[in-house]
Amino acid sequence: MASEQAQPIPTGTAVDIKLKAKSDLRGQPRPGEKIIGGILMACGAISVLTTVGIVLVLLSQTILFFQSRAWLVARQPIATETALATVTGGFSDADTEIRIAYSNESSVFQQGQHILIGDEIMTITDRPRGRLIVTRGDLGTFITPHDADAPIYPMTEVAAGIVDAMQPDDLDVTVNTGFGKLFSVGQDIKIGAEVLRIIDIDGDLLAVERGIEGSVVPHTAGSDIEAEDRPTVIEFLTSTVWQPISGQFGILPLLTATMLTSLVAMLVAVPLGMSTAIYLAEYATPRVRGIVKPILEVLAGVPTVVYGFFALTFITPALKTLFFGDAINFTNMLSAGLAMGILITPLISSMCEDAISAVPRALREASYGLGATKFETTIQIVLPAAISGISAALIIGLSRAVGETMIVALASGAGPNFTFNLLASAETMTGHIVRISGGDLSYGSIDYVSIFAVGAALFVITFTLNLLSGYIANRLRERY
Amino acid sequence: MSNLVDVGVYRSGVIRRNWSALLMQRFYLGTLVIAIFILFLLLFSIINQTIGYISVTQAIKAEQLSAQPLETLTSEELANILLEQTPRLLLVMVRDNLNKVATDQFTSTALKDGINGTVPADLADLTPRDLTGDAGPAAYARLLAANLTPDQLVSLIEVNVLKVEIEQSWSLWESLTQKAEIEAEVAASETGEELRFHSWLNTKLLTQRNSQRVEEAGIGPALAGTAYLLALTVLISLPLGVGAAIYLEEYAQENFLNRLLETNIRNLAGVPSIIYGMLGLTVFVNTFSSITQGRSILSGALTLSLLILPIIITNSREALRAVPSPIREASYGLGATKWQTVSRQVLPAALPGILTGLILGVSRAIGETAPLIVIGATNSISTYPDSPFSRFAVLPFTIYNWSSQPDAAFKNASSAAIVVLLIALLSINSVAIILRNRAVSKRV
């Protein structure tokens, strides 16, 4: 025993510490370390570059959009000299149906054609036998009652043209009678390949500066005048028509569709997501949570294009057979909104659950101690305490809905439509960007830059919502 | 006496309050059930479209071609059927299925150089131009028999000889509940329709190229494109994301710049994916088109990398933070430098967490459609991607494209493609769950 304990440590295998790199121990900085630190920082900087890149790209292309211009032949409807029909009966301010006595063949009017009765211009929307359905008071005219036998003048679209031939030294353009009001001072016009700038307007006589672009050349009488159409910020924000082909860029139809689909989504997701969260945080046993949480995660992880397919092939047909019949369009905002609501429910639910779980137990116990039921505790104590987290979750959910693309691209419709009818098809901002960029766009064309203007609006909306959510989560939080 | 509590009133109040508490509990549970029900509805509506009856018309019945079912024949017998029925189309079939040179050079290239596969010795030095008269079709039939599987030949026969066309399709639910009506309808048709029970999810769908005709449409190149794109995305985003996470967790001081960085990453996570697509379109596709070759897989991968970077960074940071600091301190105590500590101690310990984050990012990327449409994914491509610079098709875009086709049968094909996408997604996610569980059990 004693001899075993006294065994000497084998000297041959003694640990021989060699101080190979003495400089390490002296704490001298190694150049490699600095470089690695720099590389890692550069990785982090990529994210800042991404943000800067997004902002720069959207900003620069949006500026390009507002600087771009389209040339559209200036036209306006002109009444023909002979009336083709007369009004039978007479009609008041509110009527939109004109009964007519045809004095000529029955097919003289077309759908979409303008007609002139008295001083009022109307547009024909439908023409059943012996009648015309019209919209009243178009093109800035006033709605007035009309007598029986008032003549109806059909109107045709006439292009503005120059009346006299122009020589290179002419500084006046005479346009055909009544067309002067199509132009404005400072506007550029194009005759042939030459661009001229209007410096004064006197009735139908335009004083111009020649050769803004292209060379100064003579023009023959009757040449068409193309007017510059530059999208303006005011037009972009207030016009209710988005029709690139006719130079009309108003974001409102896209914006309302985005807002309506998001609203429907929130109407689904807020009650569903919040009460699911309350159940999971306050009532569920660990076993139920263990089953339900993964299911919600699966719902959250399903690609959005699948939800789009679901909306298109299941929700819309179901709504059609169960509720609306033929009133519902094949693509519509309601089914897109419903699918989007399902998509953001798990997001809202999980964020709300986190917020509710973060409320300290002591608050609940105090409430129970005062005799409150579980429901009363949840509604009156826990939810108010978690309100910052819950509102942050709702705003994030809204932001997600606004930016959601594939569901609306598939199920909401392809074509801007300014309507508040949820059963109608209307294109959202994201849906429009996808549809336009899906085709082959030529780089720098007005269609190309216009989607960036829409994208910029989308970015501003979602970014504001995200910032707001972060602000609320930070500032309104009760600290325990 | 009057200030004593009226026991009756008190009781009824408690009962009412308890009832409303119970009612609300049921209500909350109800919403939960609704949420789960919706998931099953979603899955049902997809599976429902994947299997079901179809009615087909065909020019010739298979029985007229051969006494035995086509599936039991050998490659030579099948090639002979093609030779008898469609001798003139054989050149095109060889070119579409076996060609490995540019299409316009195929007829002037010797077969041994132009064919992707084995070529019989007596044909090796001939070009398609040399093979005139009856020699051509016979030679092409031999080439097809030597290089294609019987399955591929059967599908060539179906397309070119039988000319199978799907006239109508029914969902699984309709097929099961309205069987009699469907049979009656098909029997009454004048075009000689034939009813078949068809699974849209089959090997043909997985291997064939996309086509205008739903009978031939497949997702082969789209699947390959998705895989290629994801691999490149991982290669780009993993080092960047982990690097940024290490910087923020281990190196960064608490200063304005780094706080900005953190806020920025949080905000980037909330930017709609389509905005990333527009960034990619301008920067990668147009500005740096000399490097990325425009609408290429590389452009798509770079864009998706930026998109999933915030996810990877956030998850990697959490994984790094979970590594106990005594590990670091012990390493420093042994004289290791910061990078040695990070690379040899902290990173291996945080690896499962980092991989989980990566997989979460990838499962986000696999379903992303909008940015790739903006970047220029296309469905008209019929070749498999062969380099990072080739144009590409991706699975979610195929689903989108097929779903918006007017032909109802494409909706069935689309649902089959969705099943493939969901299976891919689930298998990727289950890897993440396994990794997470392993990491948790190790820590304990």
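This is a predicted model: local features need pLDDT of at least 70, side-chain atom pairs count only at pLDDT 80 or more; totals for chains, interfaces and linings use all residues.
**Chatting through a two-chain model**

User: Got it. How much area is buried there?
Analyst: About 6,400 Å² is buried between chain A and chain B, and carbon and sulfur atoms give 77% of that. On the chain A side, the residues that lose the most area to chain B are Leu40(A), Tyr279(A) and Phe309(A). Together these three account for 10% of what that side buries.

User: And how many salt bridges go across the interface?
Analyst: The rule finds 1 salt bridge between chain A and chain B. Glu376(A) and Arg17(B) meet there through their side chains, at 2.7 Å from N to O.

User: Why would two side chains pair up like that?
Analyst: Side chains with opposite charges can pair when their charged atoms come close.

User: Switching topic: what are the domains of each chain?
Analyst: For chain A, the assignment gives domain 1 (75-158), domain 2 (160-229) and domain 3 (252-476). Chain B is split into domain 1 (7-53), domain 2 (59-163) and domain 3 (220-443).

User: What separates the centres of domain 2 and domain 3 in chain B?
Analyst: Taken over C-alpha atoms, those centres are 43 Å apart. In chain A, the centres of domain 1 and domain 3 are separated by 47 Å.

User: I'm looking at the second largest pocket now. Where does it lie relative to the domains of chain B?
Analyst: Domain 2 (59-163) and domain 3 (220-443) of chain B both give residues to its lining, so the pocket lies between them. It holds about 1,800 Å³ of space.

User: What lines it?
Analyst: The lining has 49 residues, and those nearest the pocket's centre are Asn97(B), Ser155(B), Gln208(B), Arg209(B) and Glu216(B). By class, there are 21 nonpolar, 17 polar and 11 charged residues in the lining.

User: Which helix or strand gives the most?
Analyst: H7(B) does, with 8 residues. Among the other elements that each supply at least two lining residues are strand E1 (51-57) and helix H4 (90-98) of chain B.

User: Last one! Where is Leu139(A), and what is it in contact with?
Analyst: Leu139(A) sits in the loop between strand E7 (131-135) and strand E8 (151-159) of chain A. Setting aside neighbours within four places in sequence, Leu139(A) is in contact with Pro77(A), His114(A) and Ile121(A). Leu139(A) and Pro77(A) are 62 residues apart along the chain, yet their C-alpha atoms are separated by 9.4 Å.

Note on methods: Residues are numbered from 1 along each chain as its sequence is written. Chains are lettered from A and ligands numbered from 1 in the order in which they are written. Side-chain values use heavy atoms; hydrogens and water are left out. On a 1 Å grid over the protein atoms alone, a cavity is a set of points where a 1.4 Å probe fits but cannot get out, and a pocket is an open set with protein on both sides within 12 Å along at least five of seven lines; lining residues have an atom within 4 Å of a point. Grid points are joined across faces, edges and corners, and a volume is the space filled by probe spheres set on the points. Helices (H or I, at least four residues) and strands (E, at least two) are DSSP runs, numbered from the N terminus. Ala, Val, Leu, Ile, Met, Phe, Trp, Tyr, Cys and Pro count as nonpolar, Asp, Glu, Lys and Arg as charged, and the others, Gly among them, as polar. Domain bounds come from an automatic or database domain assignment. Buried area is the accessible area (1.4 Å probe) that two parts lose on being put together, summed over both. A salt bridge is a side-chain nitrogen of Lys or Arg within 4 Å of a carboxyl oxygen of Asp or Glu. Contact means heavy atoms within 4.5 Å.
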